[in-house]
Amino acid sequence: MKILLTGGTGYIGSHTAVELINRGYTVEILDNLFNSKITTLDNIEEITHTKPIFHQIDLLDITSLDRLFKENKYDLVIHFAGLKAVAESIEKPLKYYHNNITGTLNLLHVMQKYSVAKLIFSSSATVYGDQDGVKLTETNQTGLGITNPYGQTKYMIEQILKDFSLANPDFSITILRYFNPVGAHSSGLIGENPNDIPNNLMPIIMKVSTGEIPELSIYGDDYDTPDGTGMRDFIHVVDLAKGHVAAINHMQKGVSTYNLGTGKTTSVMTMVKTFEKASGQSLPYKIVPRRPGDLAKVYADPSKAERELNWHADLTIEDAIQDTLRYLSHQAH
Ligand code: NAD
Ligand code: UFG
């Protein structure tokens, strides 16, 4: 089976490439390298002894995309490519709508034209909007109270996929709603290394630990949670990657939607303390006001994926932090 990963040199895509290659799939990667590095391909090769064929193509470049699909026969596409910086999406909404939505429309166009009828899409817990503190199930309402253009693009793309599926009943489309991915590959060779200034907790903790950012701002300690800081369902990126392999094995005609999370929550303060304990290093932080749009507690009900995909998140926060430290030490050498 030949699989194209859009955004495959990125954080989640590169870990998924490793899991797929290790199971014998042929993987090709398309990326414009906007938020990832070409050297990731060497690291994937070091882990798997296979270097995926790489196409440096922007999804907005429909001519190159059409040529790629004309010259290659893919069985399935996993569509990771997208911009994901929430704060930037508020400042530059058109950039986000254009990249994420037009990019997806272009991809669907060529998939339809060349009869590549299997798609897995990277969606997000953000589609559940402002539902706070409830175990989020796939049947919960989506699209209400989304506070930024990035989140809107995920919701809109889900709607586009549903409409597309009705008109193309031969397509099998799986929407995976990721909760909060953290960690790195246990080799320390691949991990999260955004080209731009990160917004998410773990990449910021990493940059504080290396001194690139002087201190972590913790956005609020007055939430209705045990220690007052926000709580999230942090999922190890390797568990998340394995969720894609499980999804491939259970593709069905129409649209199927799954949460990929652990069902457990960890607070921001616990993440900081766990990182400090594992690294033996203290992390400078200050408590600042809440970040607009943030919720107290966001977590998945992952039971549908567990039941139907026969998948389960096994790794812990401690594993994720150990692997992150290994990745950081590789980066330093
Ligand atoms: P990432 O930025 O590391 O990877 C995305 C990749 O897509 C990058 O390599 C980037 O260069 C590429 N890309 C972006 N626009 C492109 C375009 N127009 N053409 C070609 N390539 C393009 O991000 P990630 O964390 O690996 O996320 C992968 C997907 O998962 C994204 O769609 C993201 O929105 C989604 N997601 C991520 C998280 C998270 O917290 N990391 C949570 C939920 C959903
Ligand atoms: N946080 C801080 N300081 C920081 C960054 C984050 O205290 O510098 C806190 C936040 O307030 C929140 C928690 O850490 O309580 C997690 O924040 P992230 O920004 O890492 O993640 P979010 O849960 O806000 O959102 C992320 C993605 C969304 C996605 C969501 C679920 O940014 O796009 O995970 O997948 F929808």
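This is a predicted model: local features need pLDDT of at least 70, side-chain atom pairs count only at pLDDT 80 or more; totals for chains, interfaces and linings use all residues.
Local features need pLDDT of at least 70, side-chain atom pairs count only at pLDDT 80 or more, and totals for chains, interfaces and linings use all residues. Residues are numbered from 1 along each chain as its sequence is written, chains are lettered from A and ligands numbered from 1 in the order in which they are written, and side-chain values use heavy atoms, with hydrogens and water left out.

Ligand 1 has 28 residues around it. A residue counts as near if one of its heavy atoms lies within 4 Å. D31, N35, S36, F80 and Y150 come nearest. A backbone N or O atom of Y11 sits 2.8 Å from an oxygen atom of ligand 1. A polar backbone atom of N32 is 3.2 Å from a nitrogen atom of the ligand. The side chain of D58 places an N or O atom 3.0 Å from a nitrogen atom of ligand 1. Alone, ligand 1 exposes 820 Å², and the protein buries 96% of that (Shrake-Rupley method, 1.4 Å probe).

Helices (DSSP H or I, at least four residues) and strands (E, at least two) are numbered from the N terminus. At least two shell residues come from each of α1 (11-22), β2 (26-31), β5 (118-124) and α6 (149-167). β5 gives the most, with 3 residues. By class, the shell of ligand 1 holds 13 nonpolar, 11 polar and 4 charged residues. Here Ala, Val, Leu, Ile, Met, Phe, Trp, Tyr, Cys and Pro are nonpolar, Asp, Glu, Lys and Arg are charged, and the others, Gly among them, are polar.

Ligand 2 alone exposes 680 Å², of which the protein buries 90%.

A cavity is a set of points, on a 1 Å grid over the protein atoms alone, where a 1.4 Å probe fits but cannot get out; lining residues have an atom within 4 Å of a point. There are 2 cavities of 30 Å³ or more. Volume is the space filled by probe spheres set on the points, which are joined across faces, edges and corners. The second largest cavity holds about 30 Å³. Its lining includes H79, N100, F121 and K154. α6 gives the most to this lining, with 3 residues.

Note on methods. A polar contact is a pair of N or O atoms within 3.5 Å; within protein, one must be able to donate a hydrogen and the other to accept it, and residues adjacent in sequence count only if both atoms are side-chain atoms. On a 1 Å grid over the protein atoms alone, a cavity is a set of points where a 1.4 Å probe fits but cannot get out, and a pocket is an open set with protein on both sides within 12 Å along at least five of seven lines; lining residues have an atom within 4 Å of a point.
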